[in-house]
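Okay, everyone, thanks for coming. Let me put the structure up, and then I'll talk you through a few spots in it.

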Amino acid sequence: MSREGVQVAKPYQRMTREQIELVHRTSLELLEKPGVLVYSQEAVALLSDAGAKVTQTREGEYDAWWVSIPPSLVQKALESAPSKVVLGARNPENQIVMDAKGYHVYFGSGSETNFWLDVKPEIFVSQENPENQRVFPTITRRRGTVADLCKSAHLSDNLENLDFFIRNVNIQDPDINEGNKDVNKFFASLNNITKHVMGGLTDFGQMDHVVRMAEIIAGGREELLKNPVISFITSVIKSPLQVVDETAEKLIKIARLGLPVVISSSPQGGSTAPIDEAGMVAQVNAEVLTGIIINQLAQPGAPVIYGAVPVRARMDDLHDMYGVPEFCYYNTSCAQMARFYEVPCYSTAGVGDAKVPGIQAAAEKMFTHAVVPRSAPDIVHYAFGLLEKTNTFCPEQAVLDNHHIGMVKFLYREPRMDESEMERVKEIIEEVMQTPHRLYSRYTRRLLRSGGIFPAYPFEGEGDDQDETLLKTHEKVQEIMGRPRQHLSEAICREIYEQIPGLLPRLNPYEA
Amino acid sequence: MSEKIIEQIVANVLQGRRDKNDEGIDEGYDGTPGVTELVEEALEQGVPVEKVLGEGLSHGMTLVGEKYESGEYFIPDMLAAAEAVGAAMEIMEPYLVKDGGQGSKGKIVMATVEKDQHDIGKNLVTIMLKGAGYAVVDLGVNVPAARIVEVVEQENAGLLGLSALLDTTMPFMKETIEELKNKNLKDNVRVMIGGAPTNEDFAREIGADAHGKDAFAAVKIADQLL
Ligand code: B12
């Protein structure tokens, strides 16, 4: 058994077949000319051995190579890249099977925000009328810690619409440094959630430790390959069209380990990519293809995921924007490209540009939640609790997003419209017409119990002159935080602490 | 024996099953007798009427009410249960009268006032009142004041419920009460009003005895006034 996600049986087709092929041809042309600018010698070696034309150059202090990639290399990589990728989990029932030829969409969190919002209800007294006292939620913004990461993994384990976990807090404790960050962030995640854990690596040097940790949890190297409880995200591309040195090496190593990896490219329309949809999609597609090629050259058949994360630039400060229509254009078109290539797609929805939960955040988040998954990418990340364009995480917002994703999932149900259903409802109509009050409500009862009727908004307040949504969600967060945590067993924790250097003793639940 | 059938009545009230064709809420009831059939059977077996009413129907409705309060049940569940009990009450009526009682808990006339077609809310109120054990004469919609008063008199009703959903039809509530006064009936019958545009103040203003914000309030008012 694996997680169900949601089936989008008739994906939204923004581009026509001709437009998809045009994007594909344009990306191939871009890969030949101007080609990609590669800073990694190892990647250049792979590409040039495979027949790419390479010209050495110098970019500032560094050696770099202009690489002109012929269409045949693209073709070969797409042929060897698998269309099915399994994301494992501590609890095997939480596995995700990504199938680029299928139509299931899974939702996950992300990614490494700097700030965490604490919500606290406080009583306020009106200056005009001291009789008028109200409870309002106050919001405190502070830097995230490893304890917060544990909390958010636990919260995520309890959100029914969250299918996989990407850490959503950057751990900034004084005793965390580059040398111990990766092991601690992966351990804090894995020790508090039974779902799949996906993440990037800060330090190449810690990859072996992180993989070893995953092996211990999965029960060995072989078991890990069958049930990859972790997968990686590599931002191997720096838009426009540049391949980063260290990340390329990570990508090559992960491919050879046989673990799933997302090739993530996040160009910003209007600064690091054209703002026009045509240019954006052609460029980001070429960038992701480059990553897939390097990955497949390193290890043909390695599990790889098409990760286009195109965003739009905000015109008054050139920051990212996630809650705008162009974001939807870019992302739905990219999902179509991945489907065209039959490579599993990692997409994005549900980020608020707003700094705090509220009306703006809800509008922005719902907008992309409702649109992007309709194009049936395999996984949608950034979907829970992200605010201030991924700079801030708020657990209350994650609970809200969880419900909103439930609404969106309900939307994709196929119409139940066949002969037997019509016979059934005709009978009901005839029956009701013979009753004194002609009410259909009794016929809702079974459906209500089988989940066939969408419930009322669960965070509605009682008052009629104040929005209480955030207060209600806060109660829900408190309730979830009080539930028992699903830690790794004592034996596994012991083995991990014995073998993996750099873990903070305070993260071990069995050390009093 | 009688305990078993009372238990079944309670279970079927909880399922809101009027009769054997009713699907109810949970699996496993298909084709088994519903509340009306069970009540008939109980009376035939000679189970005392008060027992069927008290330990069966009323107790069942109390449990339904508790489930609604706790959030487990929704309005359709309440309505279905009330409908089942209401239908059973009609079967019980002759037995109750025979036993020397006055039949139901009391008689209520319900109507949506003249020029008003809205009846969903009024129907909810009617069904819930029946489910609570009252005999309700529902006159339907667009009922002129004179006709309402005529029926109140005929039926010797203890309570009259008026519903209006339009600001333009609210005055007909007042007209109905005036008509009761003209016929010297106002002392015999209490009046409760309801419907979205009405409120307590308006009720007081037109001389109604109570205003109910929903069907539950209507049952509470009936329990107090009758
Ligand atoms: C459904 C509806 C209709 C349906 C009615 C179908 C039906 N079978 O009843 C139809 C389409 C026929 C309709 C027609 C019209 N409607 Co209309 N309708 C509504 C609507 C959307 C819902 C009413 C409803 O059923 N609510 C659900 C029930 C459960 O609630 P309820 O009726 O309030 O009842 C509860 C309580 O009030 C209380 N209660 C009710 N009665 C009683 C009685 C007693 C004794 C007690 C104790 C308690 C009680 O208990 C009930 C259960 O909890 C309302 C909007 C609204 N939100 O109220 C407009 C509304 C009432 N309609 C309106 C209008 C304008 C009209 C039309 C004039 C439209 C038109 N231009 O044709 C016509 C008028 C027809 C007529 N002559 O009556 C306006 C009225 C504004 C006003 N002037 O006051 C409303 C408010 C919509 C709006 N905002 O514009 N309507």
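One of its nitrogen atoms sits 3.2 Å from a polar backbone atom of B:Lys115. Keep in mind as we go that this is a predicted model. There's also an oxygen atom of the ligand that lies 3.4 Å from a polar backbone atom of B:Ile120.

Now zoom out a bit. How many residues surround the ligand? The count is 25, and the closest are B:Gln117, B:His118, B:Asp119, B:Ser163 and B:Asp167.

Where does the shell come from? The largest share is from α5(B), with 4 residues. If you sort the shell by class, you get 11 nonpolar, 8 polar and 6 charged residues.

Okay, on to helix packing, staying in chain B for the moment. Look at helix α1, residues 2-15, and helix α2, residues 35-45: their axes come within 9 Å and cross at roughly 160 degrees. An angle over 145 counts as roughly antiparallel, so that's what α1(B) is to α2(B). The crossing of these two, α1(B) and α2(B), is left-handed. On the α1(B) side, the contact uses B:Ile5, B:Gln8, B:Ile9, B:Asn12 and B:Val13. Across from them, α2(B) brings B:Val35, B:Leu38, B:Val39, B:Glu41, B:Ala42 and B:Gln45. By class, this contact of α1(B) with α2(B) has 7 nonpolar, 3 polar and 1 charged residues.

Last stop, chain A. Here helix α8 (residues 245-257) packs on helix α9 (residues 277-298), at an angle of about 50 degrees and with the axes 8 Å apart. That angle makes α8(A) oblique to α9(A). And is this crossing left-handed or right-handed? For α8(A) and α9(A), it's right-handed. The α8(A) residues here are A:Leu251, A:Ile252, A:Ala255 and A:Arg256, and they meet A:Gly291, A:Ile294, A:Asn295 and A:Ala298 of α9(A). The residues in this contact of α8(A) with α9(A) split into 5 nonpolar, 2 polar and 1 charged.

Conventions
Residues numbered from 1 in each chain as written. Chains lettered and ligands numbered in written order. Predicted model: local features only at pLDDT ≥ 70, side-chain atom pairs only at ≥ 80, totals over all residues. Heavy atoms only, no water. Axes fitted to C-alpha atoms, helices over the stretch in contact; angles between N-to-C directions. Parallel < 35°, antiparallel > 145°, perpendicular 65-115°, else oblique. Left-handed = near helix turned anticlockwise from the far one by under 90°. Contact = heavy atoms within 4.5 Å. Nonpolar A, V, L, I, M, F, W, Y, C, P; charged D, E, K, R; others polar. Near = heavy atom within 4 Å. Polar contact = N/O pair within 3.5 Å; in protein donor to acceptor, adjacent residues only side chain to side chain.
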